[in-house]
Each structure stands twice: as structure tokens, then as C-alpha cells.
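User: Hi! I'm new to reading protein structures and would like to learn how to look at one. Could you walk me through a few features?

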Amino acid sequence: MTSPCWSAEVRYAEADQQGVVFNAHYLLYCDEAMGAFCAQHHILEFAQLVRLKTSTLTWHAPARWGDTIDVFVSVAGLGRTSVSVQFELMVGERSCCTVDTVYVYADDAGAPQQIPDTIRQVLLPDNDTR
């Protein structure tokens with residue numbers, strides 16, 4: 001497996017009293033990883049115009065306070081105005097959560113727009129971080 005797209009140590013405020021990461025923070029980690037993915041691939045304009053449509057989270061094992069979360073990003077599908085992205089959140093070799101997300105490329109008013117060809121080339125599934 002290649003390097004993660006984004007990594008961070010789980011902070012105290014992100015965990016409950018048992019030291020387990022609160023569910024909503026997994027989506028925050030994915031947002032950070034998507035921003036890092038766009039920066040690494042020089043498509044920041046995509047990050048600024050993309051809108052979240054759906055996210056489905058599947059938990060495998062808990063992440064805990066003090067763990068380092070590594071987030072791997074891969075493009076699972078590419079449509080005319082949308083992109084399906086899979087995030088794999090890992091602690092070491094242990095999968096904690098898989099998040100399947102659909103983003104829609106939209107204008108400032110939220111109307112779907114065709115993804116520009118220059119960005120489509122970057123989003124093709126062979127440009128993942130696994």
C-alpha cells in the first residue's frame with residue numbers, strides 16, 4: 001500500500017469517554033483527506049466547487065485517542081457531473097472505517113456542472129493513493 005493521502009493523530013476532543021473516536025469525526029477525516037487529495041493533484045478548484053451528495057460509512061474497528069489515522073483515497077467511479085470516492089481509514093494495518101462518498105461538481109448556486117476534462121483526467125481511477 002502506498003502512502004496515505006492524509007494522516008493525523010486522534011485528538012482527545014475527538015474521542016468519547018472510553019477513548020473511542022466519535023462517529024462524526026470519520027467524515028471530518030474524509031473531508032481533510034479530500035482536500036489533501038485535491039491539493040496533491042493540483043485540482044484545488046475542484047475542491048472548491050464540489051458538493052457532498054451522499055456518504056455511507058462502514059465501521060470495521062474503533063480508532064482511539066492517540067492512534068494515528070491514515071486515510072487512503074481512491075476514485076471508485078466518475079460520471080458527467082459526479083465522482084464516487086472511497087476513503088479507507090486505517091490505524092496501522094487495521095481497517096477502522098470505509099466511507100463511500102458521492103460528490104457533485106456544482107456552481108456557486110449548487111446547480112450540477114460537467115466536470116472539466118482537465119479535472120476528469122486527474123480523477124480517473126488509476127490516480128488513487130493505494
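User: In which strand is Thr-98 found?

Analyst: Helices (H or I, at least four residues) and strands (E, at least two) are DSSP runs, numbered from the N terminus. Here, Thr-98 belongs to strand S5, residues 94-105. A word on the source: this is a predicted model, where local features need pLDDT of at least 70 and side-chain atom pairs count only at pLDDT 80 or more, while totals for chains, interfaces and linings use all residues. Residues are numbered from 1 along each chain as its sequence is written, and side-chain values use heavy atoms, leaving out hydrogens and water.

User: Does Thr-98 count as buried or exposed?

Analyst: Buried means under 20% relative accessible area, exposed over 50%, and partly exposed in between (1.4 Å probe, protein chains only). Thr-98 has 10% relative accessibility, so Thr-98 counts as buried.

User: With which side chains does the side chain of Thr-98 make a polar contact?

Analyst: A polar contact is a pair of N or O atoms within 3.5 Å; within protein, one must be able to donate a hydrogen and the other to accept it, and residues adjacent in sequence count only if both atoms are side-chain atoms. The side chain of Thr-98 has one with the side chain of His-60 at 2.8 Å, and another with that of Glu-88 at 2.9 Å. Contact in general means heavy atoms within 4.5 Å. Leaving aside neighbours within four places in sequence, Thr-98 is in contact with residues including Thr-56, Leu-57 and Phe-87.

User: How many aromatic pairs are there?

Analyst: Rings of Phe, Tyr and Trp (its six-membered ring) pair if their centres lie within 6.5 Å; planes under 30 degrees apart count as stacked, over 60 as edge-to-face and the rest as tilted. The count by this rule is five aromatic pairs. One of them is Tyr-26 with Tyr-29, edge-to-face, with 6.1 Å centre to centre and 75 degrees between the planes. These two are separated by about one helical turn because they sit three residues apart in helix H1, residues 24-40. Tyr-26 is buried at 1% relative accessibility, and Tyr-29 is buried at 3%.

User: How are the rings of Tyr-26 and Trp-59 arranged?

Analyst: Their centres are 6.1 Å apart and their planes lie at 85 degrees, so this pair is edge-to-face. The pair links distant parts of the chain, with Tyr-26 in helix H1 and Trp-59 in strand S2 (residues 50-59), 33 residues apart. Trp-59 is partly exposed, at 40% relative accessibility.

User: Which residues form one aromatic cluster?

Analyst: That cluster is made of Trp-6, Tyr-26, Tyr-29 and Trp-59.
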